[in-house]
Amino acid sequence: MPMHPQPALTRPHFAVLLLAIVMAACGEDSPGPQDVLLPFGTLQGQVVTSAETNFADVTARVVWGSQNLTAAVQSDGSFDVEIIDAVSGFGMLTIEPGPNEPIHPGWVLLSPGDVGANPGTVVLAPKMWTVDSGDYAGVEVPIDPQLAADGRVMPSFWGFYFPFSQNGFLQTVTDNSEWAAEFRGWPPNAFPIPVALDRLGSDGDISAADSIAFWGHVEVMEAALGWDAFAPAPLEDVRILGGARRPADAIIVQLDSSVAVRGVGVINRADVRTYGLSADATTWSGTNVRNISVVSADITYGIIRLETSGLFSDRQLVIHELMHVLGAGHGCSWASVQTYCASLLSDVPTAPDVAHLAVMMEMRALELEHDSRWGILASVFGHRVVTLGLTPVPGIDLTYGPVSAPADWHRSGGGR
Ligand SMILES: [Zn+2]
């Protein structure tokens with residue numbers, strides 16, 4: 001990219017500098033050596049990532065109007081980009097790692113209030129994830145924020161979706177000017193999550209054989225994940241709230257013949273923790289998406305409902321629903337236990353499933369630790385814009401989804 005010519009700068013010794021003192025002397029054709037140019041303000045930020053890097057080859061770039069300004073990201077991940085001229089409207093911050101850096105780029109929408117404000121934290125996704133335990137120990141998996149966010153079925157693996165209606169297995173987008181995500185996960189101290197078979201809340205018998213089959217699937221799933229996600233709990237040890245039979249800090253599994261399509265995984269609705277984004281996104285999103293809402297929220301309970309007891313023997317179904325209650329959406333981009341497009345089906349979590357779930361959990365933890373509003377979206381946008389040359393926000397056709405899925409396919413709900 002062409003560089004905006006930068007005058008020699010003297011760094012201010014204080015972080016917040018909103019008004020520029022441009023030149024000490026007036027009436028000269030050009031600044032003399034005694035004159036000092038001060039920036040309009042400083043955009044301060046901090047890059048954090050789960051990848052191992054000291055940011056040796058990472059550039060922070062601000063493009064704002066005709067200004068195109070860069071600064072090196074320091075070894076601790078911090079950066080200060082000095083903004084020369086006054087800004088209005090919106091600008092763009094990109095975090096641009098060199099080719100050997102193990103992180104994806106970042107892309108952040110800026111508003112004038114970001115200049116001179118407290119440093120914002122940008123959470124970036126690793127390019128690769130190495131599974132450290134379990135069946136896939138040692139496997140290196142490429143992480144693809146674009147595919148994880150823009151799955152061809154909704155919600156995507158990382159919880160992104162357009163409002164849609166569902167008829168059988170056909171998903172039809174009802175409003176392509178809205179783009180939303182629920183970025184969900186259990187608090188780190190929730191594991192292993194207590195799981196109880198809810199015989200009291202079921203409308204059919206859960207047999208001992210059903211229980212054995214269920215826990216066999218859990219064992220296979222945990223071997224794939226490489227960690228202990230679940231722990232069997234007696235039903236009487238699980239706190240159940242109210243008439244809706246909602247467990248607290250636990251998962252219950254029910255037989256429910258009213259479930260129309262085999263199985264459903266339900267989690268609590270997201271309490272709102274919305275990312276700060278411009279309300280009118282049409283000016284920068286690159287598509288007709290106008291409103292973007294992304295909430296990041298803890299999961300506090302999960303309910304799995306199976307239509308018939310025979311489904312306890314369906315390993316893919318049981319594990320699929322358990323993945324939903326861990327916060328994963330659907331997939332159609334890699335072989336997956338979460339596939340929802342009648343292809344790429346796996347009965348167990350695949351290495352990409354395991355890696356993208358782990359990265360999602362780590363990015364959520366980093367977002368919360370740093371109270372970051374430039375979290376998962378910065379990575380998704382960065383991968384789309386900087387690496388792939390796409391618009392920040394995906395567009396979508398209004399009809400979407402697996403038109404010819406098997407008749408016995410199931411559907412799942414994500415907290416609604
Ligand atoms: Zn599902």
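Helices here (H or I, at least four residues) and strands (E, at least two) are DSSP runs, numbered from the N terminus. The structure is a predicted model, in which local features need pLDDT of at least 70 and side-chain atom pairs count only at pLDDT 80 or more, while totals for chains, interfaces and linings use all residues. Residues are numbered from 1 along each chain as its sequence is written, and side-chain values use heavy atoms, with hydrogens and water left out.

**The whole chain**

Display the entire chain. It holds five helices and 22 strands. Of its 416 residues, 52% are buried; buried means under 20% relative accessible area, exposed means over 50%, and partly exposed lies in between (1.4 Å probe, protein chains only). Contact means heavy atoms within 4.5 Å. Among contacts between residues at least 6 apart in sequence, 69% join residues at least 24 apart.

**Helix α5**

Now select residues 376–387, which form α5. How many of the 12 residues of α5 are buried? Nine are, so the helix is largely enclosed by the rest of the structure. The buried residues are Ile-376, Leu-377, Ala-378, Ser-379, Val-380, Phe-381, Gly-382, His-383 and Arg-384. The expected span of a helix is 1.5 Å times one less than its number of residues.

**The nonpolar cores**

Next, select Trp-158. A nonpolar core is a set of buried Ala, Val, Leu, Ile, Met, Phe, Trp, Tyr and Cys residues joined through side-chain atoms within 4.5 Å. In the largest such core, of 75 residues, Trp-158, Phe-160, Trp-179 and Phe-230 touch the most other members. Helix α4 gives the most to this core, with nine residues. The core draws at least three residues from each of domain 1 (1–124) and domain 2 (129–358 + 393–400); these bounds come from an automatic or database domain assignment. A second, separate core of 27 residues includes Leu-43, Ile-84, Val-87 and Trp-374. In soluble globular proteins, nonpolar side chains tend to be buried together.

**An open sheet of three strands**

Select β10, β13 and β20. These strands form an open sheet in the order β10-β13-β20, with mixed pairing. β10 (160–161) and β20 (291–298) stand at the edges, each with a single partner strand, so one side of each has no neighbour in the sheet. Two strands pair if DSSP finds at least two bridges between them. β10 and β13 pair in the antiparallel sense over two bridges, and Phe-160 stands opposite Ala-181 in β13.

Stay on β13 (residues 178–185) and select Arg-184, which lies in this strand. Is Arg-184 buried or exposed? Arg-184 is buried, with a relative accessible area of 2%. A polar contact is a pair of N or O atoms within 3.5 Å; within protein, one must be able to donate a hydrogen and the other to accept it, and residues adjacent in sequence count only if both atoms are side-chain atoms. Polar atoms of the Arg-184 side chain lie 3.0 Å from the backbone oxygen of Asn-268 and 3.0 Å from the backbone oxygen of Ala-297. Beyond its neighbours within four places in sequence, Arg-184 is in contact with residues including Ile-267, Asp-298, Leu-326 and Arg-364.

**Two further strand pairs**

Select β7 (residues 120–124). Five of its five residues are buried, so this strand is largely enclosed by the rest of the structure. Gly-120, Val-122 and Leu-124 point one way, while Thr-121 and Val-123 point the other way. β7 pairs in the parallel sense with β1 (residues 41–49) over five bridges, and Gly-120 is the bridge partner of Gly-45.

Then select β12 (residues 170–173). Gln-171 and Val-173 make up its covered face, and Leu-170 and Thr-172 its uncovered one. β11 (residues 164–167) pairs with β12 in the antiparallel sense over four bridges, with Phe-164 opposite Val-173.

**The last stop: Gln-338**

Finally, select Gln-338, in the loop between α3 (315–326) and α4 (351–370). At 0% relative accessibility, Gln-338 counts as buried. Its side chain reaches the backbone oxygen of Gly-329 at 3.0 Å. Apart from its neighbours within four places in sequence, its contacts include Phe-157, Met-323, His-330 and Asp-353. Gln-338 and Glu-321 are 17 residues apart in sequence and 8.6 Å apart in space, C-alpha to C-alpha.
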